[in-house]
Amino acid sequence: MLSGKGNSGFGWDEHRQMVVAEDVGWNSYISSHKVVGQFRHHNFPYYDQLTSIYAKDRATGKDSQTTIDIVEEIDADDATTANNLEEGNNYRGCEDDVSLDEMDVSAIQPQLPKPSQDDFISSKKKKKISDESEQISTSITDVVMLLGENIQTIGLELSRSIAFEKVIQESAQKSYPTLCEVEGLTEDECYRALRKIPDHPTQMVIFFNLPSSVRLEWVRRFLSDH
């Protein structure tokens with residue numbers, strides 16, 4: 001309704017957290033989309049959070065990557081780095097072979113240079129940098145996987161919360177006619193229950209799941225406790 005073609009008459013009320021439009025726009029849209037009639041007066045308190053979690057088409061390019069995309073990209077970068085290092089070592093090895101073949105080694109004293117202290121320190125630094133890079137890569141992968149799991153958990157919790165709120169709203173709308181059907185319930189008891197039960201969502205759900213034969217006793221006990 002908010003982003004579809006030809007739906008320019010619809011808007012979003014940030015204060016009430018619900019879709020809004022003129023009556024003419026609603027009536028026209030509902031006439032061709034019967035199922036959306038239930039959302040005309042329904043608010044969505046978690047719309048922004050769910051949009052940031054599930055609406056992948058709101059971002060493009062790298063911003064639309066999923067957790068799996070990011071992890072695969074990290075692994076690909078590590079593999080590319082390893083291949084470049086291996087190619088460099090092979091290239092230097094070929095240069096050494098060529099230079100030895102072309103040189104007249106008989107004119108050179110068979111004395112190998114001793115590794116200096118600077119070479120030793122440089123080698124240690126390179127190894128340290130390599131180890132740190134590997135640790136950073138592993139840490140990033142762990143963080144990304146943990147973030148993906150947390151997002152999935154939050155999404156499920158939000159979905160359950162929205163589903164529960166919908167059940168409560170539907171039950172509240174049926175409270176008056178249902179209370180009027182309870183045999184033996186006085187008019188005063190009916191209005192007192194109608195005023196108090198919606199303030200206790202869990203109790204309201206219990207009431208609607210009770211068989212009709214015990215609802216009278218349940219309402220009277222509820223009124224005496226509240």
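How are α5 and α7 oriented relative to each other? In this predicted model, helix α5, spanning residues 187-196, packs against helix α7, spanning residues 215-225, at an angle of about 65°, and their axes lie 10 Å apart. Angles of 65 to 115 degrees count as roughly perpendicular, and α5 and α7 are therefore roughly perpendicular to each other. The contact draws on E189, R192, A193 and K196 from α5, and on V219, R220, F222 and L223 from α7. Sorted by class, the contact of α5 with α7 comprises 4 nonpolar and 4 charged residues, with no polar ones. The crossing of α5 and α7 has left-handed geometry.

Helix α7 also packs with helix α6, which covers residues 201-209. The axes of α6 and α7 come within 10 Å and cross at roughly 160°. Because angles over 145 degrees count as roughly antiparallel, α6 is assigned as roughly antiparallel to α7. The crossing of α6 and α7 is right-handed. On the α6 side, the residues in contact are Q203, I206, F207 and F208; on the α7 side, they are R215, W218, V219 and F222. By class, the contact of α6 with α7 consists of 6 nonpolar residues, 1 polar residue and 1 charged residue. V219 and F222 of α7 take part in the contact with α6, and V219 and F222 are also listed for the contact with α5.

The volume of the largest cavity is about 30 Å³. The lining of the largest cavity is formed by H42, N43, F44 and P45, together with I162 and E165. By class, this lining divides into 3 nonpolar residues, 2 polar residues and 1 charged residue.

Methods. Residues numbered from 1 in each chain as written. Predicted model: local features only at pLDDT ≥ 70, side-chain atom pairs only at ≥ 80, totals over all residues. Heavy atoms only, no water. 1 Å grid on protein atoms, 1.4 Å probe; cavity = no way out; pocket = protein on both sides within 12 Å on 5 of 7 lines; lining within 4 Å. Points joined across faces, edges and corners; volume = space filled by probe spheres on them. Nonpolar A, V, L, I, M, F, W, Y, C, P; charged D, E, K, R; others polar. Axes fitted to C-alpha atoms, helices over the stretch in contact; angles between N-to-C directions. Helix = DSSP H or I, 4+ residues; strand = E, 2+ residues; numbered from the N terminus. Parallel < 35°, antiparallel > 145°, perpendicular 65-115°, else oblique. Left-handed = near helix turned anticlockwise from the far one by under 90°. Contact = heavy atoms within 4.5 Å.
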